[in-house]
Amino acid sequence: MTIFFNDGNEMAKILGINDANLPYLEFLLSTDLTTRGNQLQTGSDDARISAFFTHLARLAASRQEPFAENELYMEWNSLEDDSRDGLNRYDLVVASHSIWPKSRRQKEYIASLFENQVVFATGPAGTGKTFLAIAYALSQVLSGKKQKLVLTRPVVEAGESLGFLPGDLSQKLNPYLKPLYDAMEYFIPPAQIRRMEEAGQIEISPLAYMRGRSLNRSIVLLDEAQNTTKGQMKMFLTRLGEDSKAVITGDLTQIDLPRKTESGLVHALGILHDIDGLAVVQFRSADIIRSRLVRAIIGCYQDEEERDWND
């Protein structure tokens, strides 16, 4: 079977620099692949392979960089399980970036962000729960649908108080919020982030400083929520004012609270049921898109934890 591309640039984004993705694509699709000009010849007549490359070509038209292995892997999986049905409804556009769900769970998550006022997202690292929350939040602020984005995390200290760290509040919190800034910098440059902070469109705040506030026309992201206490979680959830949304993300296997302190995220998930406008999305290790290696590593740790539990 021969697959034709519109131009060499489109083909290069799929195959990678110097065809670096070609061996992986052969492994992923279980077929031999050879290139000739703008053509790709496969050793299989499987219609899914043709559909896969047609899909990749469509995505390549709106991106600048070549596909990474983990992206190819998730696009193939999403095509195989038919999770792309009706997908365009949930595309996210942030500045010049278009974001598509890479799994059924991501599709469910993005739909929940659009349709609910409060969304909980739990699961292991690498599933995209924080990245997609940032993408959605920025799209809302940059389009003018929300006035500002508020970023907060519980500060779980490891023997060093924030008060003794150098700098102002923003500088003190920066190490805790760096993962959120990394996600924002994927979409917009640091200079634009600083301008939005100065204009009040992006605000960082310690969770303790949220007490007594009423947030209107805002989208509020609480990250690492597994390290909140019950009181902190209740306080946070009751800050939402008119036309505001909250996204709460966390990994229930990474609780760093002192012993005998119940996680506010665990408690909230246990009592908040059947509330209109509130959704819970639970990612699993199978949803990890960061890389195949990360997925395998987390799987090994989970297997060990299950063995320890059974013992």
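Trainee: How do the axes of H5 and H6 cross?

Mentor: The axes of helix H5 (residues 104-115) and helix H6 (residues 129-142) cross at roughly 35 degrees and come within 11 Å. Keep in mind that this is a predicted model, where local features need pLDDT of at least 70, side-chain atom pairs count only at pLDDT 80 or more, and totals for chains, interfaces and linings use all residues. Residues are numbered from 1 along each chain as its sequence is written, and side-chain values use heavy atoms, with hydrogens and water left out.

Trainee: What counts as a helix, and what's an axis?

Mentor: Helices (H or I, at least four residues) and strands (E, at least two) are DSSP runs, numbered from the N terminus. Axes are lines fitted to C-alpha atoms, for helices over the stretch in contact, and angles run from 0 to 180 degrees between N-to-C directions.

Trainee: Is the crossing of H5 and H6 left-handed or right-handed?

Mentor: H5 passes H6 in a right-handed crossing. A crossing is called right-handed if the near helix is turned clockwise from the far one by less than a right angle, and left-handed if anticlockwise.

Trainee: Which residues make the contact?

Mentor: H5 brings Gln106, Tyr109, Ile110, Leu113 and Phe114, and H6 brings Lys129, Leu132, Ala133, Tyr136 and Gln140. Contact means heavy atoms within 4.5 Å.

Trainee: Which residues of H5 are buried, and what covers them?

Mentor: Gln106, Lys107, Tyr109, Ile110, Ala111, Ser112 and Leu113 are buried in H5. Buried is under 20% relative accessible area, exposed over 50%, and partly exposed in between (1.4 Å probe, protein chains only). Their cover includes H6, strand S4 (92-94), S6, S10 and S11.

Trainee: Switching to the sheet with S6 in it: what's the strand order?

Mentor: Six strands make an open sheet with parallel pairing, in the order S8-S7-S9-S10-S6-S11. Two strands pair if DSSP finds at least two bridges between them.

Trainee: How many bridges hold S7 to S8?

Mentor: Three bridges, with S7 (residues 148-152) and S8 paired in the parallel sense. Leu149 stands opposite Ile202 in S8.

Trainee: Which strands does H9 lie across?

Mentor: Helix H9 (residues 230-237) lies across strand S6 (118-122), S7, strand S9 (218-222) and strand S10 (245-250), at about 155 degrees to S10.

Trainee: What about the sheet with S1, S2 and S3?

Mentor: That one is open and antiparallel, ordered S1-S3-S2. Strand S1 (2-4) and strand S2 (33-36) are the edge strands, each pairing on one side only. The twist there averages 25 degrees from one strand to the next.

Trainee: Who pairs with whom in S3?

Mentor: S1 and strand S3 (residues 39-42) run antiparallel and are joined by three bridges. Phe4 stands opposite Gln39, and Thr2 has Gln41 as its bridge partner. S2 and S3 pair over four bridges, with Thr35 opposite Leu40.
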